[in-house]
Amino acid sequence: MDCLFCKIAAGEIPSNKVYEDDRILAFHDIAPVAPVHVLFIPKTHLAGVRDITADNADVVAHIFATIPKVAEQLGITDYRVVSNNGAEAGQTVHHLHIHLIGGATLGGMV
Ligand code: AMP
Ligand code: ZN
């Protein structure tokens with residue numbers, strides 16, 4: 001499958017990693033919108049939140065259990081987590097990813 005984040009997960013395209021284990025990867029966003037902007041992805045391909053089911057939700061829980069550890073490691077206590085789903089919502093890479101954004105005062109959203 002021609003998926004950018006599958007290629008990053010496989011190491012075929014380099015990324016600036018901040019966390020990795022057998023199931024997930026976290027790496028710095030190439031175009032950060034704040035001093036801390038990290039993307040968390042499952043190594044297995046899911047197109048987005050719409051692909052999450054009871055059978056594969058473990059990896060999503062694992063991502064959310066890892067986010068606070070990575071945030072602490074990066075020195076932030078206050079942050080935003082967001083996942084864009086579908087082009088209309090701003091999704092440009094169609095492999096599930098959770099943005100961790102912080103390190104600055106963030107504007108209101110929604
Ligand atoms: P979204 O727009 O929610 O689909 O988020 C995709 C994010 O991936 C954007 O914030 C991009 O800046 C980021 N991105 C695209 N290509 C790369 C890459 N090669 N390495 C790291 N981040 C990337
Ligand atoms: Zn993928």
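Mentor: Start with α1, which gives the most to the shell around ligand 1, with 3 residues. Keep in mind that this is a predicted model.

Trainee: Which elements each supply at least two residues of that shell?

Mentor: α1 (4-9) and β2 (24-28). In total, 16 residues surround ligand 1. Among the closest are D29, T92 and H97.

Trainee: What makes the pair between D29 and ligand 1 a polar contact?

Mentor: A polar side-chain atom of D29 lies 2.5 Å from an oxygen atom of the ligand. The cut-off is 3.5 Å between N or O atoms, so the pair counts.

Trainee: How do you know that H97 and V93 qualify as well?

Mentor: For H97, a polar side-chain atom is 2.9 Å from an oxygen atom of ligand 1. For V93, a polar backbone atom is 3.1 Å from a ligand oxygen. Both distances are within 3.5 Å, so both are polar contacts.

Trainee: How much of ligand 1 does the protein cover?

Mentor: It covers 83% of the 500 Å² of accessible area that ligand 1 has on its own. Ligand 1 sits in the largest pocket.

Trainee: What is the shell made of, by class?

Mentor: It has 8 nonpolar, 7 polar and 1 charged residues.

Trainee: Now T105, in the segment after β5 (98-102). Why is T105 called exposed?

Mentor: Its relative accessible area is 82%.

Notes
Residues numbered from 1 in each chain as written. Chains lettered and ligands numbered in written order. Predicted model: local features only at pLDDT ≥ 70, side-chain atom pairs only at ≥ 80, totals over all residues. Heavy atoms only, no water. Near = heavy atom within 4 Å. Polar contact = N/O pair within 3.5 Å; in protein donor to acceptor, adjacent residues only side chain to side chain. Areas by Shrake-Rupley, 256 points an atom, 1.4 Å probe, with all protein chains shown as cover. 1 Å grid on protein atoms, 1.4 Å probe; cavity = no way out; pocket = protein on both sides within 12 Å on 5 of 7 lines; lining within 4 Å. Sits in = over half its atoms within 2 Å of the grid points. Helix = DSSP H or I, 4+ residues; strand = E, 2+ residues; numbered from the N terminus. Nonpolar A, V, L, I, M, F, W, Y, C, P; charged D, E, K, R; others polar. Buried < 20%, exposed > 50% of the residue type's maximum accessible area, 1.4 Å probe, protein only.
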